[in-house]
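Welcome! Open the structure in your viewer and keep the selection tool handy; the stops below go one selection at a time.

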Amino acid sequence: MSLWEYANPKKFMQTSQVLLPYFAVLAAVCLVVGLVWGFFFTTDDYRQGATVKIIYLHVPAAMMAINAWVMMLITSLVWLVRRHHVSALAAKAAAPIGLVMTLIALITGAVWGQPMWGTWWVWDPRLTSFLILFLFYLGYIALWEAVENPDTAADLTSILCLVGSVFALLSRYAVNFWNQGLHQGASLSLDEETNVHNEYYLPLLFCIAGFVLLFVALVLQRTRTEIRSRRIQAIVARERLG
Amino acid sequence: MPDLGKYALEISAAYGAGILLLVLLVLLSWTKGRRVRRQLRELEKRRAKRG
């Protein structure tokens, strides 16, 4: 069986109908466990105090903000190369999710930064590249809405997605490229010395899993909606022709 | 409720905003999905009646 079978809208609808409830329930379970564990049952950090609890929303949201764009990049490339409509619609479906994840990362980061850095915002490489990523999400969504022909919209948004990928990567590696600014390096690391302590790490893993599963569930659900919208447009256009 | 000390406002604001945005995203995706599914069903029923 080939992966490309799922590019068939009918096959995608059948498969996603089966998978969607599992992803939704698992996402809810992981998020509730991770957030409740992190919020109620972890102690304060010796330097950051209780603000360390913001990590359970900030880090998973920031990770998904970047990963959503990477997913859009892959599906956009599939559209440009193989012209599979489902992949273009999946990219379109993922954009508002990525936008919300970026917004959560920016808001929770600002609220966390104020007591720790003494400022809500600073033009630091990571913060600035995240703001630009947020603007790219807005532009991407606006472009889909502005172009009437869906295939042309998919072409143009795919190109925009390729360009925006530079900023998605910068958002991830900005701290490493420019070793300056207020934002710290990655919280998660394979090196035990630099990785966050297990007390924070385990609930954080649940939250990250919850955000990933929620993203997958929402992409499946929203892609199903986009496929149905496309079908409605096709029927209406056919009726108009007589 | 854990003792959040002097950072209670910041932590509550971060959790409030983050969870509100997540809930809004889920609700809006779900309600749009339901609306579009109903529209398509009605459209296909109408087409089936016409033959």
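Start by colouring chain A by pLDDT: this is a predicted model, and chain A has a mean pLDDT of 90, with 91% of its residues at 70 or more. Now select helix α1 (residues 9-40) of chain A, where confidence is highest in the chain at a mean of 97. Then jump to helix α5 (residues 150-177) of chain A, where confidence is lowest, at a mean of 86.

Next, show chain A as a cartoon. The C-alpha atoms fill a box of roughly 70 × 35 × 30 Å along the principal axes. Of the 242 residues in chain A, 41% are buried.

For a closer look, select helix α2 (residues 55-82) and helix α6 (residues 198-241) of chain A. Their axes come within 9 Å and cross at roughly 40°, which means that α2(A) is oblique to α6(A). The crossing of α2(A) and α6(A) is right-handed.

Which residues of α2(A) and α6(A) meet? Show side chains on the α2(A) side, including Y56(A), M63(A) and M64(A), and on the α6(A) side, including L204(A), F211(A) and F215(A). The contact of α2(A) with α6(A) is made of 16 nonpolar residues, with no polar and no charged ones.

Finally, bring chain B into view. Here 22 residues of chain B are in contact with 29 residues of chain A. On the side of chain B that touches chain A, 13 residues are nonpolar, five polar and four charged.

Methods. Residues are numbered from 1 along each chain as its sequence is written. Chains are lettered from A and ligands numbered from 1 in the order in which they are written. This is a predicted model: local features need pLDDT of at least 70, side-chain atom pairs count only at pLDDT 80 or more; totals for chains, interfaces and linings use all residues. Two residues are in contact if their C-beta atoms, placed from the backbone, lie within 7 Å. Ala, Val, Leu, Ile, Met, Phe, Trp, Tyr, Cys and Pro count as nonpolar, Asp, Glu, Lys and Arg as charged, and the others, Gly among them, as polar. pLDDT is the predictor's confidence in each residue, from 0 to 100. Helices (H or I, at least four residues) and strands (E, at least two) are DSSP runs, numbered from the N terminus. A residue is buried if 20 or more other C-beta atoms lie within 10 Å of its own, exposed if 12 or fewer, and partly exposed in between; C-beta atoms are placed from the backbone. Axes are lines fitted to C-alpha atoms, for helices over the stretch in contact, and angles run from 0 to 180 degrees between N-to-C directions. Angles under 35 degrees count as roughly parallel, over 145 as roughly antiparallel, 65 to 115 as roughly perpendicular and the rest as oblique. A crossing is left-handed if the near helix is turned anticlockwise from the far one by less than a right angle, and right-handed if clockwise.
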